[in-house]
Amino acid sequence: MLEVEAVAALTILILAFFVGFEVISKVPPLLHTPLMSGSNAISGISIVGAILAAGSEHGATAIVLGVVATAFAAFNVVGGFLVTDRMLSMFKQKDRK
Amino acid sequence: MVDANVIIQLAYLAAAVLFITGLRMLSSPKSAPRGNLVAAVGMFVAVVATLVDQDVVDYKWIALGAVIGSAAGAVAALRIAMTAMPQMVALLNGLGGAASALVAGADLVSNVVDKGITPSGIVPTAIVLSVLIGGITLTGSLIAFAKLQEVMTTAPITYPGQQVVNALIGLGVIALCVMVAMDPTQLGAFCLLAAVALLLGVLLVIPIGGADMPVVISLLNSYSGLAACATGFVLDNSALVVSGALVGASGIILTKIMCDAMNRSLTNVLFGAFGAAPEAGAVAEGPQGTAKSYTPEDAAVIFSNARTAVIVPGYGMAVAQAQHAVRELADTLEEKGIEVNFAIHPVAGRMPGHMNVLLAEADVPYDKLLEMDEVNPTFPETDVVLVIGANDVVNPSARTEKGSPIYGMPILDVDRAEHVFVIKRSMNTGFAGIQNPLFFNDNTMMIFGDAKKVTIALGEAVRKY
C-alpha cells in the first residue's frame, strides 16, 4: 500500500507542519487578518496542479476540470496576494514629529 | 546532464523556502509587506517552473482559466471594503478548497478514462481526502459567506433530528470514501462522494451562528490548506504538500486562538447549536436594573477631566462603518491632551484581527492597538473607557457568574476603569443572549444610538466643551 515515495512525501508533510506551527505562532494578533488572506494566496499553490491538468494531453473532461481549477486557484493567488498587500500597506506606526 | 524535472523540483523547493520566509516576515508589521511580496515571488517561481514542464503541451486552456481567475481576483481584491474582509477570506477559502478538489478529480479522470491507468498506492486515499475536504471547504465557505454578507439568516439553523440526519450522512460519506479508495475506477461512486461532500459542507455550517464565524473561517482556512496537501499526495508534488501544510497549520493555530478567546471547545462551537435550544430559557435572568442614559454633551464633561482613555471597538463599529469617525474622535481627544489607546479582544469582529485592519484603514497607528493581555492591567488606572459596538467581550459575568454561558471567557476588564461609556443601539442582549451587568454599574453611562452618529456627536461635543 504505502510506497517509499509516499513515505518521503509524508516526511515532508510532517516537517512542514512543524515549521508552519513555529512560524505562524510568531505572527501577532494584529496581523491575523492579513495572515489569513496571505495564507489563502499560498494555498493557491494548487494552481500548479491545475496548470498540469489544463495543459496536458488528455480528454475533454480532465481539461474542463483543469480550466475551472486554474481559474479558482488564480483567483486565490492574485486576489489573495493583492488584498493582503492592500491591508498591510495600511498598517502604520505613529509618526514621530 | 541535469534533467529538466530536477530543475522543476528545485524550483518548487525554492518556492517553499520563499513561502516560509514570507510568513516569517509577517511576525512584524514593518517587514510584513515585504514578506507578502516574497511569498508572491515564490508563487511566481512555482508557476513558471510548472509552465515549462514537458507534460504541459497546450497553453490556451491554461491562459483561459488564468485570465478569468486573475481578473476576477484582482477586481475583488482592489474593490472589497475592509469591513467585508471576512467575506473575501471566506471566498478565498472556498475557491482554494474547490481548486484542490478539482485538480484531484482531473487527475483521476485523466488516468482512469484517458490513459486506462488505475491509481495505486497512497493515491486513491489522497484523491478521496482531497475531494472530501475540498468539497466541504467550498460549500461550507459559501454558507459562511452568505451568513457574513447577511443574505441568509445569521442565526443557527436547526431542525428536529438534525444530529441523526448528519450522523447518517457522515456514515454514508465514510462508506463512499472506503469504496472509492478501494476501487478508484468507480467514477460513479466518486461523483457521489463529491456531491455528498458538498452537501456536508452546507449542513455543517448552517447550525453555526454569526458570532462564531471567526472560528468557522479559521477552520475552513485550515481545511483549504489540508485539501492542497492531499492533492500534493495525488500528484506527488512537494510544493503542494509543503504549502498546504503551512496553511493547514496556520488555520489550526488561529482556530485554537479563537476557541480559547471564547473559552469554548471546537466541538462546542461546531455542534453546540444542536443541543443548546432547550437551555436558553433558564439563563435569561441575570442582573436587572436601570441603565443610565446620557447624551454626548454629558460625556464631554467627563472627558474634560480625563487624562487617559481606552476605546473598545466591536462588531457594531464595523456594521455602522464608524471606524473613521472613531479615529477622528480619538484625534480630538488627543488634541485635548488625553492619551488614547484601543483595546482589541481576539474575537472582536467576524474574523481574527478584523478590528485591527479596520482601525489601520482609518489611519490609527498600530502601536495604539493593544492586545487583551497588554491592556487589561491598565484599566484600573484608566479614566474613561468608551465601548463602541462591543458587548459580550466586556461582560463581567464572564469573571463572576458561574452559571453564565460565557463564564470563564477571557474579557476586557473595562468595568475596572473610573468611567465607562457604552455606545449601543438599544438594550438588546449580545450574541450570547445574556444581559450584561456592566450596563447597570454605577460607573457605566449608556449613550444610545447609531455608533457612527453618536461618535461624531461625541467628537463635536468634546471639541466645543
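In this predicted model, 106 residues of chain B are in contact with 83 residues of chain A. About 8000 Å² is buried between the two chains, and carbon and sulfur atoms give 78% of that area. Asn36(B), Met43(B) and Leu92(B) supply 8% of the area that chain B buries against chain A, more than any other three residues.

**Contacts across the interface**

- The rule finds one salt bridge across the interface of chain B and chain A.
- The side chains of Lys92(A) and Asp363(B) meet in a salt bridge, at 3.7 Å from N to O.
- Polar contacts join 18 residue pairs between chain B and chain A, counting pairs with both residues at pLDDT 80 or more.
- Eight named elements of chain B give two or more residues each to the side that touches chain A: α1 (4–24), α2 (32–51), α3 (60–79), α4 (85–115), α8 (213–235), α9 (238–262), α14 (354–361) and β3 (369–371).
- α4(B) gives the most to that side, with 19 residues.
- By class, the side of chain B that touches chain A has 66 nonpolar, 26 polar and 14 charged residues.

**Nonpolar cores**

- The largest nonpolar core holds 147 residues.
- Which of its residues touch the most other members? They are Ile47(A), Phe303(B) and Phe342(B).
- Ile47(A) touches residues of chain A and chain B. In chain A these are Thr70(A), Ala73(A), Ala74(A) and Val77(A), and in chain B they are Met43(B) and Val47(B), not counting residues up to four places away in sequence.
- Another core, of 32 residues, lies apart from the largest one. Among its members are Val310(B), Val312(B), Val420(B) and Val422(B).

**Chain B as a whole**

- Chain B has 17 helices and six strands.
- The C-alpha trace of chain B spans about 80 × 55 × 35 Å along its principal axes.
- Of the 465 residues in chain B, 55% are buried.
- Among contacts in chain B with a separation of 6 or more, 78% come from residues 24 or more positions apart.

**Lys368(B)**

- Lys368(B) sits in the loop between α14 and β3 of chain B.
- Is Lys368(B) buried or exposed? Its relative accessibility is 10%, so Lys368(B) counts as buried, the cut-off being under 20%.
- The side chains of Lys368(B) and Glu334(B) are joined by a polar contact of 3.0 Å.
- Leaving aside neighbours within four places in sequence, Lys368(B) is in contact with Lys94(A) in chain A. Within chain B, Lys368(B) is in contact with Glu334(B), Val340(B), Asn341(B) and Phe342(B).
- Phe342(B) is also one of the residues that touch the most other members of the largest nonpolar core.

**Pro365(B)**

- Pro365(B) is found in the loop between α14 and β3 of chain B.
- Pro365(B) is buried, because its relative accessible area is 16% and buried means under 20%.
- Which residues does Pro365(B) touch, not counting residues up to four places away in sequence? They are Lys92(A), Gln93(A) and Lys94(A).
- Lys92(A) is also the partner of Asp363(B) in a salt bridge, and Lys94(A) is also in contact with Lys368(B).
- Pro365(B) and Asn341(B) are 24 residues apart along the chain, and their C-alpha atoms are separated by 9.9 Å.

Terms used:
Residues are numbered from 1 along each chain as its sequence is written. Chains are lettered from A and ligands numbered from 1 in the order in which they are written. This is a predicted model: local features need pLDDT of at least 70, side-chain atom pairs count only at pLDDT 80 or more; totals for chains, interfaces and linings use all residues. Side-chain values use heavy atoms; hydrogens and water are left out. Contact means heavy atoms within 4.5 Å. Buried area is the accessible area (1.4 Å probe) that two parts lose on being put together, summed over both. A salt bridge is a side-chain nitrogen of Lys or Arg within 4 Å of a carboxyl oxygen of Asp or Glu. A polar contact is a pair of N or O atoms within 3.5 Å; within protein, one must be able to donate a hydrogen and the other to accept it, and residues adjacent in sequence count only if both atoms are side-chain atoms. Helices (H or I, at least four residues) and strands (E, at least two) are DSSP runs, numbered from the N terminus. Ala, Val, Leu, Ile, Met, Phe, Trp, Tyr, Cys and Pro count as nonpolar, Asp, Glu, Lys and Arg as charged, and the others, Gly among them, as polar. A nonpolar core is a set of buried Ala, Val, Leu, Ile, Met, Phe, Trp, Tyr and Cys residues joined through side-chain atoms within 4.5 Å. Buried means under 20% relative accessible area, exposed over 50%, partly exposed in between (1.4 Å probe, protein chains only).
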